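Here is my note on the model you sent. Please read it with the structure open.

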Amino acid sequence: MSRRAQNFVCQNCGAVSGRWQGKCESCGEWNTIVEETAAAPTGPVPGRRARRGRLFALEPLQGEAQAAPRLASGLPELDRVTGGGFVKGSVLLVGGDPGIGKSTLLIQATAAMAKARHRAVYISGEEAVAQVRLRAERLGLLGAPVELAAETSVEDIIATLGEGATPRLIVIDSIQTMWTDTVESAPGTVTQVRSAAQALIRFAKRSGAAMFLVGHVTKDGQIAGPRVVEHMVDAVLSFEGDGLHQFRILRAVKNRFGPTDEIGVFEMTGAGLREVANPSELFLSQRDLGTPGTAVFAGIEGTRPILVELQALVAPTTLGTPRRAVIGWDPGRLSMVLAVLEAHCGVKLGGHDVYLNVAGGLRIAEPAADLAAAAALVSSLANAPLPADAVYFGEISLSGAIRPVAQTAARLKEAQKLGFARAIVPEAVRGETAADAGLSLTATGALSTIVADIAARGTHPRRHELGARQDG
Ligand SMILES: Nc1ncnc2c1ncn2[C@@H]1O[C@H](COP(=O)(O)OP(=O)(O)OP(=O)(O)O)[C@@H](O)[C@H]1O
Ligand SMILES: [Mg+2]
């Protein structure tokens, strides 16, 4: 008689080892390895003769392609992120911090589908039906004909959903609470999460229903992160935001049917998530006009221009090593901008603490924000408010030159739409877009010119030093 094989599986990354260890050699996490019974015996099933594989026809690449039939969700911001609506038979994983609003977003999406007379099912493994009802009541969704259940057994769910008309949308909240009879491991372990996800994905592909899986993001080794599921699903969406701001941003991390650089912007209110169709207005709604250290950056997220305020504070340090703190931007890029300011523009920051913040809790990844960040920093140091009606964008190179960036026209158009009159831009912009921009453009090739300009307006006692390079 053969003993059942025991595996030691890392609950963080899914790596399998032959013995228990304190630290996973694959991902480096501690205390994440748990003993699990091997999911299925390998090799042919005892007592059955090995069968020759069935022959199937291979097809050429050219042929009839089925256009991905999409179904709009009723939430335009969600559709923007998924690439235009739900694709039949596709499975989407939604991850996010606890309490960020995943269940809220998905019950709203389910209700919107149900209101459009599509069969929509919401299965909660975490909350009782009464709790989900309570939330729906607060969100004013009780009228929507959503089909609701609190279930965790994958076999029961698949059997129930297989009855009657195929649902157009199924929400499983969350994948960590689901379990299947086919494996022995406890619910929440990597093996269970993987097997449950596999069964649910197979059901979605077979039936043509679009399916949402909610996954918890946690560093805790007790609950399997959705990492193992990421490879199995068609799209991975991440729901982000922080507790201090009302804004929530939905971002596609992976998408087999659409682009991954679009974001959806929502605002969390007492009555649920409100879609923000014009994020620039929101991010600029509480500006302190006329204060030094703020610059408006004309950015691009996917195909959508977004204007956002960068705030800088440069203050004399009281510490041996001055502090550099940045929220919403890459600390490496801040260091680079500071180094260029020191080396090419005569801005001495060695004795100053530097803080940089992107207003509204947005996270910017574009290098195009370099120029706006530099302008905000110099404005704070020189105590010189920047013009309230100006936007900035441009990438700064290590030589101190300002390099052109993509999608200039869209950035300028958005700035004009929101009432800005001036744009400080890279030199290359001048020719192509000046004519139809409707803004007064200041095109500059060197960062030092802009620094000297800002410093000339300031009240910093040593502001002349900032323009020293310019004169010489
Ligand atoms: N009465 C209320 N008024 C305003 N906002 C509320 C109210 N009740 C809940 N919220 C917001 O909804 C959030 C919880 O939303 P939700 O339950 O959808 O999050 P979740 O991501 O599903 O959480 P979990 O990870 O626990 O499942 C809270 O953090 C809070 O911001
Ligand atoms: Mg939830």
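Predicted model: local features only at pLDDT ≥ 70, side-chain atom pairs only at ≥ 80, totals over all residues.

1. Residues are numbered from 1 along each chain as written, chains are lettered from A and ligands numbered from 1 in written order, and side-chain values use heavy atoms, without hydrogens and water.

2. Ligand 1 is surrounded by 14 residues (a heavy atom within 4 Å). Gly99, Lys102, Ser103, Thr104 and Arg135 are the closest. By type, the shell holds three nonpolar, seven polar and four charged residues (Gly counts as polar; Asp, Glu, Lys and Arg as charged).

3. H2 (102-115) gives the largest share of that shell, three residues. H3 (129-138) and S13 (263-269) each supply at least two. Helices are DSSP runs (H or I) of at least four residues, strands (E) of at least two.

4. Thr104 puts a polar side-chain atom 2.5 Å from a ligand 1 oxygen. A backbone N or O atom of Gly101 lies 3.0 Å from an oxygen of ligand 1. For Arg138, a polar side-chain atom lies 3.1 Å from a ligand 1 nitrogen.

5. Seven strands form an open, mixed sheet, ordered S17-S18-S16-S15-S19-S22-S23 (pairing needs at least two DSSP bridges). S17 and S23 are at the edges with a single partner strand each, so one side of each lacks a neighbour in the sheet.

6. S19 and S22 run parallel, joined by three bridges. Ala390 stands opposite Arg422 in S22. Helix H9 packs on the sheet, touching S15, S16, S18, S19 and S22 (heavy atoms within 4.5 Å).

Technical notes: Polar contact = N/O pair within 3.5 Å; in protein donor to acceptor, adjacent residues only side chain to side chain. Axes fitted to C-alpha atoms, helices over the stretch in contact; angles between N-to-C directions.
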